[in-house]
Amino acid sequence: MNLKSNPTLKKIARRLRPRNEKVIQKQLSKLCYRSRLLSSVYYFLFDRSFSREYQAVLAGKVKHLKEAERIKANYFLLVRNTHRIEKGLLMRPKRNVFAKDYIAETVDSFEGVWKNQQDRNNPQIKWFTDVLTEYFAGASSDPEVAKSANRFHKIIGTTTDATGSATDCKAIPYVRLDQDKSNISYDELYKLSRQRRSVRWFLDKQVPRELIDKAILVANQSPSACNRQPFEFRVFDNPEMVKEVAKLPMGTKGYEHSIQTMIVIVGNLDAYYDERDRHVIYIDASLASMSLMLALETLGLSSCAINWPDLEPRERKMEKFLALNKHQRPIMCLGIGYPDPEGMVAFSEKRPLHQIRSFNHTDK
Ligand SMILES: Cc1cc2nc3c(=O)[nH]c(=O)nc-3n(C[C@H](O)[C@H](O)[C@H](O)COP(=O)(O)O)c2cc1C
């Protein structure tokens, strides 16, 4: 009997193969987790789950280094170094000369960004300029720093205040004033955090773009490592596109048709020159997303965070839909809309405080 041509046997073989593969993978993983080398071998030979991430990290690193070394206009480097200089300016006690090892590359990138700036209203240009002006005012006694100071002043021209009038508020370290503080109470914030629940049923009502923008402006104030903000919010409110994108993650089954606006949050790995920072896109984007979700609630809107699964066929579809570059990774999605008052919301009781918090190794 020809086993290969027997359809029943073929069917059984097809069913058994993935199961066998899974069993073998399970056994191998039990063996390989014991050493880093074996773990690498395992993920190289038997499981390619990380391959897309590897490539994205490397593509981001190469893009970052190229822009810093060849083009000398690396925006992320300039943001990071401006942040580092601000930290030097606010240090106690303050040193007169610091940042000597990176001031030349900072001015390189400043020059590139300054010359290529297309958006004259970009407030970060003023921030770079003000911080560097303040830094050079204090550190130019050092001959090496003085060279960079001369270059900087040549780039911005003779005016000391190239991006605003002398009376403008300078974008440099400052002391916080009581009158500028928010009067939102803890109780109000706690109430808002309880009000925000994952909502999956929305009214069939368009979400105004101004409200999305307002919520993103709140998200934009979130902390991020070295202020690099390595993320983008790709917003979809065209019904056909929402339909298409809502199908891409796995977790929208059953309610995808209810989503009015969908945001895909994308991470940019070209913000880093080193693998040590490869997780920061996820951290920074998540912090911003949390603020975004709370802001939506204050605007009468609700949302549901939606997981982005790192599964090759879905990755390929999302890559195509968003026209992503190799260094860009989808991080998560947000389904948004006006909450349907009749739609139910999961209670989602949270873990007790003592389970998630410890002081000095104890929960007391
Ligand atoms: C990273 C992340 C991924 C999530 N993925 C999904 C998802 O795919 N589908 C879904 O319906 N809900 C998803 N959720 C919502 C969670 O189920 C929800 O946050 C959790 O059950 C707690 O409920 P709460 O948001 O109402 O407090 C996700 C939430 C997060 C933070």
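## Helix packing, domains and ligand shell in a predicted model

Helix 9 crosses helix 11 in a right-handed manner, where helices and strands are DSSP runs numbered from the N terminus (H or I with at least four residues for helices, E with at least two for strands), and where a crossing is right-handed if the near helix is turned clockwise from the far one by less than a right angle and left-handed if anticlockwise. The model is predicted, with local features needing pLDDT of at least 70 and side-chain atom pairs counting only at pLDDT 80 or more, while totals for chains, interfaces and linings use all residues. Residues are numbered from 1 along each chain as its sequence is written.

**Helix 9 and helix 11**

- Helix 9 (residues 209-219) and helix 11 (residues 280-298) pack with their axes 7 Å apart and at an angle of about 140°, the axes being lines fitted to C-alpha atoms over the stretch in contact and the angles running from 0 to 180 degrees between N-to-C directions.
- Helix 9 and helix 11 are therefore oblique to each other, given that angles under 35 degrees count as roughly parallel, over 145 as roughly antiparallel, 65 to 115 as roughly perpendicular and the rest as oblique.
- Lys214, Ala215, Ile216, Val218 and Ala219 of helix 9 make the contact with Ala288, Ser289, Ser291, Leu292, Ala295 and Leu296 of helix 11, two residues being in contact if their C-beta atoms, placed from the backbone, lie within 7 Å.
- The residues of this contact between helix 9 and helix 11 comprise eight nonpolar, two polar and one charged, with Ala, Val, Leu, Ile, Met, Phe, Trp, Tyr, Cys and Pro counted as nonpolar, Asp, Glu, Lys and Arg as charged, and the others, Gly among them, as polar.

**Helix 6 and its partners**

- Helix 4 (residues 75-90) packs on helix 6 (residues 123-139) at an angle of about 45°, with their axes 10 Å apart, and helix 4 passes helix 6 in a left-handed crossing.
- In this pair, Leu78, Val79, Thr82, Ile85, Glu86 and Leu89 of helix 4 meet Gln124, Trp127, Phe128, Val131, Glu134 and Tyr135 of helix 6, giving a contact with eight nonpolar, two polar and two charged residues.
- The axes of helix 6 and helix 7 (residues 143-156) cross at roughly 140° and come within 10 Å, again in a left-handed crossing.
- Thr129, Leu132, Phe136 and Ala139 of helix 6 are in contact with Val145, Ala149, Phe152 and Ile156 of helix 7, and this contact has seven nonpolar, one polar and no charged residues.

**Domains**

- The domain assignment, which is automatic or from a database, gives domain 1 (72-156) and domain 2 (187-337) in the protein chain.
- The C-alpha centres of domain 1 and domain 2 lie 33 Å apart, and the contact takes four residues from domain 1 and five residues from domain 2.

**Around the ligand**

- The residues around the ligand include Arg197, Arg200, Cys304, Asn307, Met332 and Ser348, a residue being near the molecule if its C-beta atom, placed from the backbone, lies within 6 Å of it.
- Strand 3 (residues 302-307) gives the most to this shell, with four residues, and by class the shell has six nonpolar, four polar and two charged residues.

**Backbone details**

- Most residues other than glycine have a negative phi, and most peptide bonds are trans.
- Arg92 and Pro93 are joined by a cis peptide bond with omega of about -5°, and Pro93 is in the loop between helix 4 and helix 5 (103-116).
- Asn227, a residue other than glycine, has a positive phi near 60°, and Asn227 is in the loop between helix 9 and strand 1 (231-236).
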